[in-house]
Amino acid sequence: MKAAMDDRSVAQRVLDHIANGTTDIGEEVWREPVANYQSKERLAAEIERVLRRSPTPFCPAAALPEIGSYIARDAAGTPTVVVRGVDGKVRAFRNACRHRGMQVASDSGCTRAFVCRYHGWTYNLEGRLRHIPHEEGFPGFDKEAHPLVPMTASERFGLVFVTQDEPALGDDSLGGLDKLISPEQRLFATAEREFEVNWKILLEGFIEGYHIKSTHPESFLPYGFDNLNVIDLFGRHSRVTYPFQRIKKLAKVPPAERRVDGLLTYVYHLFPNVLITVLSRHTNVVILEPLAVDRTRQITYTLTNGGGDDPAALAEARRDADFVGNTGAQEDRAVVQAIQRGLGSRANDAFIFGHYESAIVHFHKTLTAALA
C-alpha cells in the first residue's frame with residue numbers, strides 16, 4: 001500500500017514546485033454526471049452500500065475523554081451512540097431500546113448507564129440490558145439476549161471509527177499514515193450546521209487548490225499560492241497540501257532539519273465523507289452527513305495543534321480558527337451553495353474535473369468502484 005509522503009518530502013516537493021513554477025498533475029480527466037448529484041436512488045445507494053459499510057471517523061477520541069463519555073447522533077441516517085466503557089474501550093451501538101425502539105441517549109454527555117426515558121429499561125456502558133421495571137410483566141424474557149445492538153468500533157490515529165454494516169468495504173487503507181490526531185491536542189469547540197448542498201459538492205470544495213486565486217483573493221491567496229499543491233493518494237483516501245508563502249524559508253534549512261508546522265495546511269480526505277484539516281494552529285475534524293440530495297449536515301470538531309493544556313496554545317488555536325472560519329470557509333460555503341443552485345439551470349450534463357483536481361478524480365473513481 002502506498003504511504004503518504006513524510007513532512008520533509010512534502011517540503012522538498014513544494015520547494016521544487018516554487019522553483020519551477022509547477023504543481024502536482026493528475027493523470028486523467030473525469031466527467032461526473034450531474035444526475036449523480038440529483039438522484040435520490042444514487043444517494044440511497046451511497047448511504048447504504050458505502051457510508052454504512054465503511055470504517056468512518058465518528059468523532060475524535062478527545063471527544064470521549066473519560067469513562068461514560070458518550071455522543072449520540074445520526075450517522076449515515078442511523079441513530080448511533082458511541083461511548084467509552086469502564087474498561088476505557090470505545091463502543092458503538094444502534095441508538096434504540098430493545099423494548100419499543102426509543103432512543104436511549106441524545107446529544108452528548110457523561111453517564112453511568114443508558115436509561116430509556118419511555119419505560120426505564122436500563123443498559124450498562126457495555127450495552128447489556130441490566131434492569132427492566134416490573135420485570136414480571138415479561139415472563140421468560142432473556143435480558144442477556146437483548147443488549148443494545150452493537151456496531152464495529154475502533155480507536156486509531158486519535159479518531160473513533162465506526163462501521164455500521166457488514167460486509168465492510170475491506171481494508172480501510174490507513175496504514176500509509178504515521179499520524180493524524182495526537183494525544184497533546186485538545187478539543188475546544190464542536191459545531192453542527194446544515195447546508196443546502198449535496199454532500200459531494202461540499203466535500204469537493206475542500207480537496208483542490210485550483211480555486212484559491214479566484215475564490216480567496218484577499219483571504220488565503222496573500223498567504224499562499226495560486227494552484228500550487230502536493231497531492232497524496234493512498235488507498236481510498238487522499239491528502240492535499242496547501243503551502244504558505246513562508247515555506248520558502250525552508251530552502252535555506254538542511255533537509256533533515258526541516259519542519260512544516262505552521263508553513264502549510266494539510267487536508268486529509270478519509271473516504272468516504274470525513275475531512276481532517278490541519279491548519280497553522282488548529283485542526284478540524286469535519287464529518288459530512290447526507291440528509292437529502294440537496295442537504296448536508298456538517299459536524300466539526302476543532303482541536304489545538306498541540307501544547308496540551310497550555311492557555312497560550314489554546315488562545316492561538318482560537319484566533320486561527322476564527323480567522324479561517326470568518327474568511328475562507330465562508331467563501332467556500334458560498335461557492336458550493338451556488339453550485340447547488342446552479343444544478344437547476346440544466347446547463348451541464350456532467351462536471352469536468354481536470355489534472356489539477358486529481359484528489360476529486362480519485363474520490364469519484366473510488367466511490368464509483370465501491371458502488372459497483
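Helices (H or I, at least four residues) and strands (E, at least two) are DSSP runs, numbered from the N terminus. I start with Ile 18, which sits in helix H1, residues 7–20.

**Ground rules.** I am looking at a predicted model, where local features need pLDDT of at least 70, side-chain atom pairs count only at pLDDT 80 or more, and totals for chains, interfaces and linings use all residues. Residues are numbered from 1 along each chain as its sequence is written, and side-chain values use heavy atoms, with hydrogens and water left out.

**Entry: Ile 18.** I checked its cover. Ile 18 is partly exposed, at 25% relative accessible area. Here buried means under 20%, exposed over 50%, and partly exposed in between (1.4 Å probe, protein chains only). Next I listed contacts, meaning heavy atoms within 4.5 Å. Leaving out residues up to four places away in sequence, Ile 18 touches Phe 225, Leu 228, Ile 247 and Lys 248. I also looked up Val 324, which is 306 residues from Ile 18 along the chain. Their C-alpha atoms are separated by 24 Å.

**Entry: the whole protein.** I counted 8 helices and 19 strands. The radius of gyration is 22 Å, close to the 21 Å of the globule rule for 372 residues, so the protein is as compact as a globular protein of that length. That radius is taken over C-alpha atoms, and the rule is 2.2 Å times the number of residues to the power 0.38. The C-alpha trace spans about 80 × 50 × 40 Å along its principal axes. Buried residues make up 51% of the 372. Of the contacts with a separation of 6 or more, 64% join residues 24 or more positions apart.

**Entry: helix H3.** Which residues of H3 (40–50) are buried? I found Arg 42, Leu 43, Ala 45, Glu 46, Ile 47 and Val 50. Their cover includes strand S1 (30–33), helix H2 (35–38), helix H4 (199–204), strand S17 (282–292) and helix H8 (358–371). A note on helices: an α-helix has 3.6 residues a turn, so residues three or four places apart point the same way. At the start of H3, a side-chain oxygen of Ser 39 comes to within 3.3 Å of the backbone nitrogen of Glu 41.

**Entry: His 282.** I moved to strand S17, where His 282 has its place. His 282 counts as buried, at 1% relative accessibility. Which side chain makes a polar contact of 2.8 Å with that of His 282? It is Asp 320. A polar contact is a pair of N or O atoms within 3.5 Å; within protein, one must be able to donate a hydrogen and the other to accept it, and residues adjacent in sequence count only if both atoms are side-chain atoms. Beyond four places in sequence, the residues that His 282 touches include Phe 188, Thr 277, Leu 303 and Val 324.

**Entry: two cis bonds.** I checked omega. The peptide bond from Glu 166 to Pro 167 is cis, with omega near -5°. Pro 167 lies in the loop between strands S11 (159–163) and S12 (187–195). The bond from Phe 271 to Pro 272 is also cis, with omega near 5°. Pro 272 lies in the loop between strands S15 (264–270) and S16 (274–278).

Entry: Ala 76 has phi near 50°, a positive value in a residue other than glycine. Is Ala 76 buried or exposed? At 4% relative accessibility, Ala 76 is buried. Arg 346 has a positive phi too, near 60°. Arg 346 is exposed, with a relative accessible area of 73%.
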